[in-house]
Amino acid sequence: KEKEKEKELITTVNNQSIIKDEDLKENVLPSQKKRTLKRNTQQSNSSINSNNNGNSDLEQLLQSYESSISILREIARSENNGKFLLGDTWLLRFLIGTTLEKAKDRVKKAIIWRKTNNVDKIAERIEKENLQPNQFPHADTLYRYYPQTILFNLTKNGEPFSVESYGSLDIPGLLSMMGFEEFYEFNLYKLEFIRLILDKLSWKNGVFMRWTVIADLSNITAKHLNRAFLGYVKKVSQDSQDHYR
């Protein structure tokens, strides 16, 4: 039932995206596109947060960081052969709560990391094939031993959250069937899937969306403190922190 619910939510998010995927990929929101976004937003969702001028909270936030985002965009392009296939909301995550200099260093490292791990191709495949989490590489094996629902539901504010049942983990079974490379590949797809969903929800609702992970610790015991597995999780968590937040 959870998987069916997750599939329905994913379909809803994908179908209700206000900005076309090609606009997100180009990452350029010229004045005419801003006007179109504003008009479509007002027509399709009257509950979007906005100021007296009709601008969404997200637009206001992007405008307040406009010069810094422009600098980060050029850095990203210079590190990726003149191409930048990500949205401004991704760059915004590097700016909020830190300095421009630190954000510049993080974006540069993130683009290098994406190139090293072919992450742009992963994003392209997810969108082109409309992949669901249970279709990610090694998903069957991972779900069997590591129960989780990536898109469990949306909060009252429309923000997504996932649930991971750590107490139901079968770590010996997982490690007997999957090495770090397979675990890491699945999680690269997972991280990109989350980024794409956040982009679409942010534009749809006109607010800057964040993702919450709920850790179900019921039935967790000392047997779950496996050093090798904790190393796997630590690597993925560090990449998420460094390149997505």
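At what angle do the axes of helix α7 and helix α12 cross?

1. **What you are looking at.** This is a predicted model, in which local features need pLDDT of at least 70 and side-chain atom pairs count only at pLDDT 80 or more, while totals for chains, interfaces and linings use all residues. Residues are numbered from 1 along each chain as its sequence is written, and side-chain values use heavy atoms, with hydrogens and water left out.

2. **Two crossing helices.** The axes of α7 (residues 100–116) and α12 (residues 227–244) cross at roughly 125° and come within 8 Å. The two helices are therefore oblique to each other (angles under 35 degrees count as roughly parallel, over 145 as roughly antiparallel, 65 to 115 as roughly perpendicular and the rest as oblique). Helices here are DSSP runs of H or I with at least four residues, and strands are runs of E with at least two.

3. **Where they meet.** On the α7 side, look for Arg106, Lys109, Ala110, Trp113 and Arg114; their partners in α12 are Asp239, Gln241, Asp242, His243 and Tyr244. Contact means heavy atoms within 4.5 Å. By class, this contact has three nonpolar, two polar and five charged residues.

4. **A buried leucine.** Leu86 sits in the loop between α5 (66–78) and α6 (88–95). Its relative accessibility is 2%, so Leu86 counts as buried (under 20% relative accessible area, with a 1.4 Å probe and protein chains only). Asp120 is 34 residues away along the chain, yet the C-alpha atoms of Leu86 and Asp120 are separated by 8.7 Å.

5. Leu86 and Asp120 both line the second largest cavity, together with Asn80, Phe84, Leu85, Ile111, Arg114 and Lys115. A cavity is a set of points on a 1 Å grid where a 1.4 Å probe fits but cannot get out, and lining residues have an atom within 4 Å of a point. This cavity has a volume of about 40 Å³, and α7 gives the most to its lining, with three residues.

6. **The largest pocket.** About 590 Å³ of space lies here. A pocket is an open set of points with protein on both sides within 12 Å along at least five of seven lines. Of its 24 lining residues, Leu191, Ile194, Val213, Ser240 and Arg245 lie nearest the centre. Helix α11 supplies the largest share, seven residues.

Key
Axes fitted to C-alpha atoms, helices over the stretch in contact; angles between N-to-C directions. Nonpolar A, V, L, I, M, F, W, Y, C, P; charged D, E, K, R; others polar. Buried < 20%, exposed > 50% of the residue type's maximum accessible area, 1.4 Å probe, protein only. Points joined across faces, edges and corners; volume = space filled by probe spheres on them.
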